[in-house]
Amino acid sequence: MGLQSLQYFVFLVMVAALYLHLPVRAQSPFLLAASWIFYAMAMPSMLPVTIALAVFVYLCGLGLEWKDGAHKTAALRLGVVGMLAILAFFKYNGLLSIPLSGWKSIAMPLGISFYSFAGIAYLIDASRGDCEVEHSFIHCALFLNFFATVTQGPICRAGALLPQLREEHRFDEARTVRALRLYALGLFKMVAVSDVLGVLVDTVFPHYRDYSAPMLILTAVAYTFQLYFNFSGYSELARATGLILGLELPENFKTPFYATNFSGFWSRWHISFSSWLQDYLFMPLAWADLGKYGRLPTEFCVFCVFFLSGFWHGNTAPFLVWGLLQALYRVGEELLHRRLGKPKKRAPARVLWGKRAVVFILWTVSMVFFRVGSGAGMTVGDAFAYLGHCAVGGWSPVRFAGELYSAVYTGFYANTIMVAEYWVFALAALAFALWLDYRRCFANRNRPAEIALAAEKHRTVLYVMLICFILVGYIMQSGGFGTSGFGMYANF
């Protein structure tokens, strides 16, 4: 029951109809029960693990109130190290060679990375005094397991969300209208853009040796957009869910492809994750006092953060190369700024667009490794071979035209008219999505997506277009290919 499914919409309507009419003392228990039901429907065998982790974080949080400083420090260390150890066990148990029956077949709980990071942030913030220790297990568990964020984020901060969970929430017309705009936008991105591009990506990537260079380049670009619109759309559906229930969740994306450097890109991409790395990994490294050796070089800290982000995504070589590339991009950028000075804020438009093109190309190259790491049966050698084929895989226009046809000619699209309709729809949906991002970035100064959409002069026309794209997207899914389930980032 992914957030883009019709079943989820029915589930959300039922939950909201009851939740917004309950007495305030019953709202949080009800919402927690709904969250656990949601998780049980997705992965019933792992619900006890999720609940146990919530209990663990809650008890460690209570330990932070001990007056004895040593015990308080021990509670913090136990909580942080314990959560990291549990996360590492589930994510990387396949790397271990301990001969225990069934060891390597242990499934990873859905979304464990996201609520583990939220729990770690809560313990660190509470120990610093940046947020209060939560005395209610129900509120603590709901903060970690809220059904809109438990599978794929965004990673919420306790200081922002816990106070909201203690408040009374009732139906609010303006807030609900705002939520519905955001919901439509998220559905459009997932159903009409990401899932449609997935038809091409899932066909070409596993059989890349059979395709020419132009087709491989097109597919790599398509995957870059597929992942972006899938994850940003999912994040907007999560935010819309929160708004319907009276909760403000953090934004996770702010038009990253219009950034002119990787520093700006990562401040707009997966914001809840990149800001987590900034606050709880980069800053402790950068401010660590090494005695007579002083502090670690900034470039080294940046490198560590981004390299480890690759390891966080997965234990396979493609993800490590992806993380290494992100580290090299950011460190290289820092060294260029040190050598040439910070870039001018008001550069000519051609210079800015040139920088955006370079960032996009380098990011797309790294995404080949990301896709290979996410696909079954592919290795880091396949990623390098894929990139090699992009350069020497043939540049015949006639062959490229035939591949555009054959890559889609299957199942529901097994006739010429449907192939043509696929390409027209895919290009139209992608162009519309990029235009909406362009307007949000430059005309609306990256205000929240739903507010930027409402600020458009012809917004009624845009609403109709969103609905039409969504309906056609659902029809195309019913006709021949699956949806992205809980989102492409749900297994990280």
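Biologist: Why is His 337 called buried?

Modeller: This is a predicted model, and the values are computed from it. His 337 has a relative accessible area of 17%. Buried means under 20%, so His 337 counts as buried.

Biologist: Where is His 337 placed, and what does His 337 touch?

Modeller: His 337 is in helix H13, residues 317-340. Leaving out residues up to four places away in sequence, His 337 touches Lys 342 and Pro 343.

Biologist: What makes the pair Arg 178 and Glu 450 a salt bridge?

Modeller: Their side chains meet at 2.6 Å, N to O. The cut-off is within 4 Å, so the pair qualifies as a salt bridge.

Biologist: How do you know that this pair ties together separate parts of the chain?

Modeller: Arg 178 lies in helix H8 and Glu 450 in helix H18, so the pair ties together parts that are 272 residues apart in sequence.

Biologist: Are Arg 178 and Glu 450 buried or exposed?

Modeller: Arg 178 has a relative accessible area of 19%, and Glu 450 has 0%. Buried means under 20%, so Arg 178 is buried and Glu 450 is buried. Arg 178 and Glu 450 are also linked with Arg 239 and Glu 248 in a network of salt bridges.

Biologist: How many salt bridges are there by this rule?

Modeller: The count comes to 16. One of them joins Arg 209 and Asp 382, with the closest N and O atoms 3.4 Å apart. Arg 209 is in the loop between H8 and helix H9, while Asp 382 is in helix H15. The two are 173 residues apart.

Biologist: Why is Arg 209 called exposed, and why is Asp 382 called buried?

Modeller: Arg 209 has a relative accessible area of 55%. Exposed means over 50%, so Arg 209 is exposed. Asp 382 is at 11%, which is under the 20% limit, so Asp 382 counts as buried.

Biologist: What makes Arg 157 and Asp 279 a salt bridge?

Modeller: The closest N and O atoms of Arg 157 and Asp 279 are 3.1 Å apart, and the rule asks for within 4 Å. The pair links distant parts of the chain, 122 residues apart: Arg 157 is in the loop between helix H6 and helix H7, and Asp 279 is in helix H11.

Biologist: Why are Arg 157 and Asp 279 called partly exposed?

Modeller: Arg 157 has a relative accessible area of 22%, and Asp 279 has 29%.

Biologist: How many cavities does a search of the whole structure find?

Modeller: Three cavities of 30 Å³ or more are found. Of the 13 residues lining the largest cavity, the closest to its centre are Leu 185, Leu 436, Asp 437, Arg 440 and Ala 449.

Biologist: Which helix gives the most to the lining of the largest cavity?

Modeller: H17 does, with five residues. By class, the lining has six nonpolar, one polar and six charged residues.

Biologist: Which residues have the most contacts inside the largest nonpolar core?

Modeller: They are Tyr 122, Phe 143, Phe 147, Phe 188, Trp 269 and Tyr 422, in a core of 154 residues. Beyond four places in sequence, the contacts of Tyr 122 include Val 57, Cys 140, Phe 143 and Leu 162.

How values were computed: Residues numbered from 1 in each chain as written. Predicted model: local features only at pLDDT ≥ 70, side-chain atom pairs only at ≥ 80, totals over all residues. Heavy atoms only, no water. Core = buried A, V, L, I, M, F, W, Y, C linked by side-chain atoms within 4.5 Å. Buried < 20%, exposed > 50% of the residue type's maximum accessible area, 1.4 Å probe, protein only. Contact = heavy atoms within 4.5 Å. Helix = DSSP H or I, 4+ residues; strand = E, 2+ residues; numbered from the N terminus. 1 Å grid on protein atoms, 1.4 Å probe; cavity = no way out; pocket = protein on both sides within 12 Å on 5 of 7 lines; lining within 4 Å. Points joined across faces, edges and corners; volume = space filled by probe spheres on them. Nonpolar A, V, L, I, M, F, W, Y, C, P; charged D, E, K, R; others polar.
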